[in-house]
Amino acid sequence: MGNGTYFYFMLFENLGCIKYVFFSLGVIFYCVIIYFNVLIILAVFLERTLHQPMYILISCLSINSVYGTTGFFPRLLTDLLYDTHRISYEACLIQSFVIYSYAAYELTILMLMAFDRFVAINKPLHYNNIITTRFLTLLIVIAWLYPMIFVGFGSLLTARLKMCDNKLFKVYCHNYEIVKLSCVNHNINNIYGLIVTFTTIFIPLKFGGSYVKILVICQRSSKEFRSKAYQTCIPHIVILLNFSVALFCELTLSRFVNGEIPIELAVILSLEFIVIPPFVNPIVYGLNFPGIRKKIRHLIKTKSKK
């Protein structure tokens, strides 16, 4: 089978009328995710008092949520609505790149947020000298370019493989599943996949240990300082844990052979990392940060009046 062909999503077969229920839920979920994340982006962009590193990084998370879900939901909704569940080889590689780069971006941004909070709490007097606008811009650029290059090269390695099958037992294009359909040696892809997993997932997660150091510092500080630190750090910790658990489920699931676990459970676990965080993030930040909450209320009231 050549590479200029199509893949078929087998999990959409024989869904019957329930596919319209899934389609309706998908549309609602996608619209809610886009709406709340765009509100976060606008709130940070339009409010001058929110032009601070922590809020800028929060807006980066929302931008990434829009990016990732846009690479997933439109294709999913199309497959649910129509009877033909096929996707071209090239389009499949592009979707795989978008979804995996979304996951890598999420972790690198969360890493930067952990670093930002650590500096703010551990060295408050030197914070403005360390986290300058130029330095923050550089960190954000690196956080976007680094995963793009690593994930992009992985997609190129997959593109060179000759496929012997075209049946994907997923609801989106999964790079490892595509590689397993190859009929040529793909040890290079496996080794590179492990390298990418380590550099783009486990290294950023190591920076999440900054929150442990922050909690230790808080225990030695005054009650007022501790309360303020908890107020800014706990939402970040919740988001980090939420995404880490979701991503762990996806990584674990990808190592199972099709049929080893129930299909329904497999679908839920595989979708958690791309559906739940974009939905939860704006809610957590919108509710816990007064500056963002106040600006969002203003935007909603302004829109209602118009």
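**Reading helix contacts**

Guide: H3 passes H8 in a left-handed crossing, where left-handed means that the near helix is turned anticlockwise from the far one by less than a right angle, and right-handed that it is turned clockwise. This is a predicted model, in which local features need pLDDT of at least 70, side-chain atom pairs count only at pLDDT 80 or more, and totals for chains, interfaces and linings use all residues. Residues are numbered from 1 along each chain as its sequence is written, and side-chain values use heavy atoms, with hydrogens and water left out.

Visitor: At what angle do the axes of helix H3 and helix H8 cross?

Guide: Axes are lines fitted to C-alpha atoms, for helices over the stretch in contact, and angles run from 0 to 180 degrees between N-to-C directions; helices (H or I, at least four residues) are DSSP runs, numbered from the N terminus. Here the axes of H3 (residues 89-122) and H8 (residues 210-219) cross at roughly 20 degrees and come within 9 Å. That makes H3 roughly parallel to H8, since angles under 35 degrees count as roughly parallel, over 145 as roughly antiparallel, 65 to 115 as roughly perpendicular and the rest as oblique.

Visitor: Which residues of H1 and H10 meet?

Guide: Contact means heavy atoms within 4.5 Å, and by that rule Phe29, Val32, Ile33, Phe36, Asn37 and Ile40 in H1 meet Val275, Pro278, Phe279, Pro282 and Gly286 in H10. The residues of this contact of H1 with H10 divide into nine nonpolar, two polar and no charged. Helix H1 (residues 18-46) and helix H10 (residues 263-288) pack at an angle of about 40 degrees, with their axes 9 Å apart, and they are therefore oblique to each other.

Visitor: Which residues does the UniProt annotation "transmembrane region" cover?

Guide: According to the unreviewed UniProt entry, the annotation covers several spans, including residues 20-46 and 265-287. In the model, residues 20-46 are 100% helix, and their end C-alpha atoms lie 38 Å apart, while residues 265-287 are also 100% helix, with end C-alpha atoms 31 Å apart.

Visitor: How many salt bridges does the structure hold?

Guide: Side chains of opposite charge can pair when their charged atoms come close. The structure holds four salt bridges, each a side-chain nitrogen of Lys or Arg within 4 Å of a carboxyl oxygen of Asp or Glu. In one of them, lysine 295 pairs with glutamate 47, the closest N and O atoms being 3.8 Å apart. This pair links distant parts of the chain, 248 residues apart, with lysine 295 in helix H11 (residues 290-305) and glutamate 47 in the loop between H1 and helix H2 (53-81).

Key:
Helix = DSSP H or I, 4+ residues; strand = E, 2+ residues; numbered from the N terminus. Nonpolar A, V, L, I, M, F, W, Y, C, P; charged D, E, K, R; others polar. UniProt positions renumbered as here; feature names shortened; annotations may be inferred.
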